[in-house]
Amino acid sequence: MAMESVKGENVTVSAAAAAPRMKKLVSMLCMKGGNGDGSYLNNSQAQALHARRMLHFLEETLDAMMERSSSDKLFTAADLGCSCGSNSLFIVDVIVRRVAEAYESRGRDAPEFQVFFSDLPSNDFNTLFQLLPPLLAPAPGTLEECLAAGEGATATRPYHAAGVPGTFYGRLFPGESIDVFTSTFSLHWLSQVPEEVSDNTSVAYNGGRVFVHRATEAVAAAYKRQFQADLARFLRSRAREMKRGGAMFLACLGRSSADPADQGGAGLLFGTHFQDAWEDLVREGVVEREKRDSFNIPVYAPSLQEFRDVVRADGAFVIDRLELVRGGSPLVVDRPDDAAEVGHAMANSCKAVAGVLVDAHIGERRGAELFERLERRAARHARELVEKMHFFHVVCSLSLAP
């Protein structure tokens with residue numbers, strides 16, 4: 001059987017290289033569930049602010065799609081990497097409202113809306129579904145009038161909702177079944193930590209570190225290859241699932257540097273004080289050095305060129321828009337001059353997105369000690385974090401190639 005491959009000037013991804021070796025990570029990777037102090041629900045305000053700053057990109061994507069699409073009685077959207085907070089619901093509300101307005105402007109009845117919320121099976125779908133308003137009951141009037149009425153004391157949703165557990169690095173939906181895909185702040189999560197990064201016999205062994213930031217050239221190259229393979233698999237799957245005339249809106253962590261080992265804001269989040277907190281545990285004998293060296297954060301912030309190379313090499317999609325956008329800080333604090341508040345926000349930001357992985361690796365008790373040390377370290381460097389920790393995002397609109 002021939003090996004399928006994706007090739008381009010700066011990228012070559014074979015099916016063998018992209019083969020799924022990620023069952024363990026898929027089974028446990030998720031944002032921190034529930035509604036506690038360290039939960040994603042209560043620590044995703046920065047993502048909400050960033051999403052609102054990108055709102056006009058999403059609206060332009062939807063407007064362009066409506067110009068080329070036919071009018072169907074059912075409009076289907078899928079949000080990939082929905083997590084368990086309210087940000088996914090905000091994105092979906094924007095989609096439904098914008099598409100309904102487009103139908104109304106053409107003098108046509110709005111379609112019924114169907115929305116799929118998809119994430120890994122370990123995601124806290126219960127918390128997400130508890131945030132869903134009740135389904136809008138059939139009533140006289142246009143969908144826009146119903147939406148406006150829903151802005152009152154009792155909110156409703158004008159779409160049917162369902163959850164789809166599974167990795168977006170493979171197929172999730174039937175062929176040609178989705179009108180619009182969105183994925184915000186998820187594609188920087190790799191399907192797995194590159195195998196050679198945890199292999200102490202490899203030149204790409206990342207011993208002494210827990211992230212690609214400031215790592216060796218070999219480690220950075222391994223992370224880059226993994227990102228390329230994952231994004232290629234993502235695109236191949238979506239190309240089969242999207243309806244002709246559909247659209248895809250993507251936003252993920254990005255970086256302004258050409259150096260893969262300079263991960264920018266993500267590097268400050270995972271590669272400095274978080275890294276040093278791990279070293280504290282090793283030095284104090286709380287965690288064995290080998291245990292620390294076998295842990296790596298499966299995140300990679302690509303450059304704009306790296307993202308573009310994979311899309312072009314795959315060939316299934318046309319890039320309608322691709323930009324690197326400065327998204328602000330992940331630390332949302334009321335008093336930026338309060339070192340204790342900044343330290344607490346830093347620890348909770350890391351815990352919300354990586355706490356589940358940490359606990360699975362060293363246990364909840366030692367995980368709690370890690371984040372306590374991170375909080376203290378971040379408080380001592382609060383001014384630097386407030387001034388320098390800013391994320392960049394790759395923002396992309398795609399449509400199927402002719």
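**Close-up views of a predicted model**

View 1. Phe185 sits in the loop that runs between β6 (178-184) and α7. The model shown in this and the following views is predicted. Although Phe185 is not a glycine, its phi is positive, about 60°. Buried is the class for residues under 20% relative accessible area, and Phe185, at 13% relative accessibility, counts as buried. Arg214 is also found in the loop between β6 and α7. Arg214 is a residue other than glycine with a positive phi, near 65°. Its relative accessibility is 56%, so Arg214 counts as exposed.

**View 2. Ala222 in helix α7.** Helix α7 covers residues 217-241, and Ala222 is found in this helix. With a relative accessibility of 2%, Ala222 counts as buried. Ala222 is in contact with Pro194, Glu196, Val197 and Ala204, when its neighbours within four places in sequence are left aside. For one of these residues, Ala204, the C-alpha atom is separated from that of Ala222 by 7.0 Å, and the two residues are 18 residues apart along the chain.

**View 3. Helices α3 and α4.** Helix α3 consists of residues 55-68 and helix α4 of residues 87-105; their axes come within 10 Å and cross at roughly 40°. This angle makes α3 oblique to α4. The crossing in which α3 passes α4 is right-handed. On the α3 side, the contact is made by Leu55, Leu58, Glu59, Leu62, Asp63, Met65 and Met66. On the α4 side, the residues are Phe90, Ile91, Val94, Ile95, Arg98, Val99, Ala102 and Tyr103. Sorted by class, the contact of α3 with α4 has 12 nonpolar residues, three charged residues and no polar ones.

**View 4. Helix α9 and its surroundings.** Helix α9 (residues 273-283) is mostly covered, with eight of its 11 residues buried. These buried residues are His273, Phe274, Gln275, Ala277, Trp278, Asp280, Leu281 and Val282. The helices that the buried residues of α9 pack against are α8 (264-270), α10 (289-293), α12 (339-362), α13 (364-380) and α14 (382-388). Just after α9 comes Gly285, which takes a positive phi of about 80°.

**View 5. The crossing of α9 and α13.** The axes of helices α9 and α13 come within 8 Å, and they cross at roughly 125°. That angle makes α9 oblique to α13. The crossing of these two helices, α9 and α13, is right-handed. From α9, the residues that meet α13 are His273, Phe274, Asp276, Ala277, Trp278, Asp280, Leu281 and Arg283. Their partners in α13 are Arg366, Glu369, Leu370, Phe371, Arg373, Leu374 and Arg377. By class, the contact of α9 with α13 divides into seven nonpolar residues, one polar residue and seven charged residues.

**View 6. Helix α11.** Helix α11 runs over residues 304-314, and eight of its 11 residues are buried, so α11 is largely enclosed by the rest of the structure. The buried residues in α11 are Glu306, Phe307, Arg308, Asp309, Val310, Val311, Ala313 and Asp314. Gly315 follows α11 and has a positive phi, near 85°.

**View 7. Phe307 and the nonpolar cores.** The largest nonpolar core has 76 residues, of which Phe234, Phe270, Phe274 and Phe307 touch the most other members. The element that gives the most to this core is α12, with 10 residues. A second, separate core has 34 residues, including Leu58, Leu128, Tyr159 and Phe249. Phe307 is in contact with Phe227, Leu231, Leu250, Cys252, Pro302, Leu322, Val394 and Cys396, leaving aside its neighbours within four places in sequence.

**View 8. Phe391 in strand β9.** Strand β9 comprises residues 391-400, and Phe391 is found in this strand. Phe391 has a relative accessible area of 8% and is buried. Phe391 and Leu268 are 123 residues apart along the chain, and their C-alpha atoms are separated by 9.6 Å.

How values were computed:
Residues are numbered from 1 along each chain as its sequence is written. This is a predicted model: local features need pLDDT of at least 70, side-chain atom pairs count only at pLDDT 80 or more; totals for chains, interfaces and linings use all residues. Side-chain values use heavy atoms; hydrogens and water are left out. Axes are lines fitted to C-alpha atoms, for helices over the stretch in contact, and angles run from 0 to 180 degrees between N-to-C directions. Helices (H or I, at least four residues) and strands (E, at least two) are DSSP runs, numbered from the N terminus. Angles under 35 degrees count as roughly parallel, over 145 as roughly antiparallel, 65 to 115 as roughly perpendicular and the rest as oblique. A crossing is left-handed if the near helix is turned anticlockwise from the far one by less than a right angle, and right-handed if clockwise. Contact means heavy atoms within 4.5 Å. Ala, Val, Leu, Ile, Met, Phe, Trp, Tyr, Cys and Pro count as nonpolar, Asp, Glu, Lys and Arg as charged, and the others, Gly among them, as polar. Buried means under 20% relative accessible area, exposed over 50%, partly exposed in between (1.4 Å probe, protein chains only). A nonpolar core is a set of buried Ala, Val, Leu, Ile, Met, Phe, Trp, Tyr and Cys residues joined through side-chain atoms within 4.5 Å.
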